[in-house]
Amino acid sequence: MLNLLRKDFIAIKSSLWTILIYLAVFSLAFIPSSEISFHFVGIYTAFGAIILVTMIDIKNNNHHFLVTLPISRKHIVQAKYLTAIVYMLFGILASYGIHWIVRLAVPQLNKPDNSIAAILVSMGIVLVLISIYMPLFYALNKKGAGIINAVFMIALIVLAQPAAFLMQQISVNGGIGGKALLLIPVGLILLCIGSYYLTVYLFNRKDI
């Protein structure tokens, strides 16, 4: 498992500058104009990095090579989910750091002090995206990955404003109720577990 994780990070090592460009572009696009830029910068950067690493897998035919090794497909999928979680953490924590610097350097932008709840909300949204993306990626892989990635990026752009409105409404109405606060993490865990098993099933059925 550790070697599989190392493979992903070695594969993307030469493309780290691309992730930093994502971070810079999304920061410049959202921080001056959006009240919830923290969420947008973190989510877009994290998911952009996840798409990048899966595209590198396709470009290098990594899965065709890995399935020839004495490694179970279940472990290959596990490593990919763990890699996605690492990039999720990077994107969101990088966004937190940039917004902290912006609050100090440009106070006139009136950026809010992001709480742990805001970080958890961003993580939850990225986990939902991962849970939808991974089964599709392993089901279609090389033939449909380009289409999947394009659809996801367009969806993120189109849904940006509705998502902003929803987050603002939650903030105005005093946050999330007690029952929802309990049900959301449980539902998110079940979604991630279901996504993992579905991805393993689809990958095992795939003839590569």
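The following legends describe close-up views of a predicted model.

Residues are numbered from 1 along each chain as its sequence is written. In this predicted model, local features need pLDDT of at least 70, side-chain atom pairs count only at pLDDT 80 or more, and totals for chains, interfaces and linings use all residues, while side-chain values use heavy atoms, with hydrogens and water left out.

**Figure 1. Overall composition of the protein.** The protein contains 8 helices and 0 strands, and its elements run α-α-α-α-α-α-α-α from the N terminus on. Helices (H or I, at least four residues) and strands (E, at least two) are DSSP runs numbered from the N terminus. Of the 208 residues, 42% count as buried; buried denotes under 20% relative accessible area, exposed over 50%, and partly exposed the range in between (1.4 Å probe, protein chains only). The accessible surface comes to about 11500 Å², and 73% of this surface belongs to carbon and sulfur atoms. Accessible areas come from the Shrake-Rupley method with a 1.4 Å probe; for residues, only the protein chains shown count as cover. Among contacts (heavy atoms within 4.5 Å) with a separation of 6 or more, 81% involve residues 24 or more positions apart.

**Figure 2. The packing of helix α3 against helix α5.** Two packed helices are described by the angle between their axes and the distance between the axes. The axes of α3 (residues 37–59) and α5 (residues 73–105) come within 8 Å and cross at roughly 145°. Here axes are lines fitted to C-alpha atoms, for helices over the stretch in contact, and angles run from 0 to 180 degrees between N-to-C directions. The crossing of α3 past α5 is right-handed, meaning that the near helix is turned clockwise from the far one by less than a right angle. On the α3 side, the contacting residues include F38, V41, T45 and D57, and on the α5 side they include K80, Y87, M88 and H99. The residues of this contact divide into 12 nonpolar, 6 polar and 2 charged. Ala, Val, Leu, Ile, Met, Phe, Trp, Tyr, Cys and Pro count as nonpolar, Asp, Glu, Lys and Arg as charged, and the others, Gly among them, as polar.

**Figure 3. S95 in helix α5.** S95 is found in α5 and counts as buried because its relative accessibility is 0%. Not counting residues up to four places away in sequence, S95 touches S37, F38, V41 and G42.

**Figure 4. The largest nonpolar core.** A nonpolar core is a set of buried Ala, Val, Leu, Ile, Met, Phe, Trp, Tyr and Cys residues joined through side-chain atoms within 4.5 Å. The largest such core holds 49 residues, of which F47, I50, V126, I130, Y133 and M134 touch the most other members. Helices α2 (16–30), α3, α5, α6 (116–158) and α8 (178–205) each supply at least two residues of this core. Apart from neighbours within four places in sequence, F47 is in contact with L129, I130, Y133, F152 and L156.

Figure 5. S131 is found in α6 and is buried, with a relative accessible area of 6%. Residues up to four places away in sequence aside, S131 touches L191, C192 and S195. The C-alpha atoms of S131 and G194 are separated by 8.2 Å, although these residues lie 63 residues apart along the chain. G146 is also found in α6 and is partly exposed, at 44% relative accessible area. Between the C-alpha atoms of G146 and M55, 91 residues apart along the chain, the separation is 8.1 Å.

**Figure 6. N110 in the loop between α5 and α6****.** Most residues other than glycine have a negative phi. N110 is not a glycine, yet has a positive phi of about 55°. With 63% relative accessibility, N110 counts as exposed.
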